[in-house]
Amino acid sequence: MKTIGLIGGMSWESSKLYYEIVNEKIKEALGGLHSAKCLMYSFDFEEIKQLQYKGLWEEATKLMVDAAQKLEKAGADFIVICTNTMHISADEIQTKIGIPLLHIADATAEEIQKDEIKAIGLLGTNFTMEKDFYKGRLEDRYDLEIIIPNVEEREIVHNIIYNELVLGEVKESSKEKYLEIISRLVESGAEGIILGCTEIGLLIKPEDVKVPLYDTTAIHAAKAVEAALK
């Protein structure tokens with residue numbers, strides 16, 4: 001079994017889901033008392049959030065590279081970034097380490113392609129929904145049509161993530177707002193929805209909607225286990 005290097009703490013609410021999922025799936029695959037071999041570097045998310053909001057992405061990337069290098073030195077066989085937004089640093093990280101980085105967008109796109117879906121709605125932070133590092137990768141590498149909410153709706157999605165979900169707050173009123181936004185994405189042609197923030201799965205479940213949901217946390221963690229067992 002390979003050792004998974006997890007870059008977490010962004011937020012720890014979703015990072016604990018990664019830890020839980022990788023261990024559950026290793027147990028399912030191997031039985032007995034087996035659990036995942038993994039190392040986690042956990043950030044103080046406030047530090048990363050401040051850099052994000054100030055647009056200091058180079059500074060944030062330096063911290064991410066440092067975390068990945070520490071995990072590599074500690075014995076990780078590959079890297080998993082336990083958040084969608086900070087995959088903005090993924091390409092730079094990969095150039096600075098000698099082990100693979102398992103990209104969350106690639107893992108998610110592979111699952112979408114299995115369902116032969118072409119038009120997909122994307123929910124996440126404003127950074128993930130608007131910047132090209134994520135939706136551009138899905139469009140260019142996987143020929144997907146990415147549909148995002150309008151400006152006002154994007155602000156609602158973003159604020160619920162940063163003001164509630166990363167704090168572990170799950171509100172029914174926020175769930176209703178998300179479901180309304182998802183309905184409008186479907187009306188705009190989305191055949192499925194990417195939960196493109198690792199906390200959204202705390203709020204929205206597959207049974208809540210009529211189209212396929214792609215929970216990036218669950219997908220990414222499952223791909224990590226697959227890679228660990230190869």
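**Entry 1: Ile7**

I looked up Ile7, leaving aside its neighbours within four places in sequence, and found it in contact with Tyr41, Phe43, Met64, Ala67, Ala68, Leu71, Ile79, Val80, Ile81 and Cys82. Contact here means heavy atoms within 4.5 Å. I note that this is a predicted model, in which local features need pLDDT of at least 70 and side-chain atom pairs count only at pLDDT 80 or more, while totals for chains, interfaces and linings use all residues. Residues are numbered from 1 along each chain as its sequence is written, and side-chain values use heavy atoms, with hydrogens and water left out.

**Entry 2: the nonpolar core**

I then turned to the largest nonpolar core, which has 79 residues. Such a core is a set of buried Ala, Val, Leu, Ile, Met, Phe, Trp, Tyr and Cys residues joined through side-chain atoms within 4.5 Å. Buried means under 20% relative accessible area, exposed means over 50%, and partly exposed lies in between (1.4 Å probe, protein chains only). Ile7, Ile81 and Tyr178 touch the most other members of the core. Helix 3 gives the most to this core, with seven residues. Helices (H or I, at least four residues) and strands (E, at least two) are DSSP runs, numbered from the N terminus. In soluble globular proteins, nonpolar side chains tend to be buried together.

**Entry 3: Thr61**

I located Thr61 in helix 3. Is Thr61 buried or exposed? Its relative accessibility is 12%, so Thr61 counts as buried. Not counting residues up to four places away in sequence, Thr61 touches Ser89 and Glu92.

**Entry 4: aromatic rings**

How many aromatic pairs does a search of the whole structure find? I recorded seven aromatic pairs. Rings of Phe, Tyr and Trp (its six-membered ring) pair if their centres lie within 6.5 Å; planes under 30 degrees apart count as stacked, over 60 as edge-to-face and the rest as tilted. One of the pairs is Tyr41 and Phe43, with ring centres 5.0 Å apart and planes at 65°, so I list this pair as edge-to-face. Tyr41 is partly exposed at 25% relative accessibility, whereas Phe43 is buried at 8%.

I also examined Trp57 and Phe127, whose ring centres are 5.0 Å apart; their planes stand at 75°, so this pair is edge-to-face. Trp57 belongs to helix 3 (residues 57–74) and Phe127 to helix 6 (residues 126–130), so the pair links distant parts of the chain, 70 residues apart. Trp57 is buried at 14% relative accessibility, and Phe127 is buried at 13%. One aromatic cluster is formed by Phe45, Tyr53, Trp57, Phe127 and Tyr162.

For Tyr53, I noted that Lys49 lies over the face of the ring, 5.3 Å from its centre. A charge sits over a ring if NZ of Lys or CZ of Arg is within 6 Å of the ring centre and within 35 degrees of the ring normal.

**Entry 5: cysteines**

I searched the whole structure for disulfides (pairs of cysteine sulfur atoms within 2.5 Å) and found zero. For Cys38, the nearest cysteine sulfur is that of Cys82, 9.3 Å away. Cys38 is partly exposed at 21% relative accessibility, whereas Cys82 is buried at 0%.

**Entry 6: Met1**

Finally, I placed Met1 in the segment before strand 1 (4–8). Met1 is partly exposed, with a relative accessible area of 38%. Met1 and Ser35 are 34 residues apart in sequence, and their C-alpha atoms are 10.0 Å apart in space. Beyond neighbours within four places in sequence, the contacts of Met1 include Ile26, Leu30, Ser35 and Leu229.
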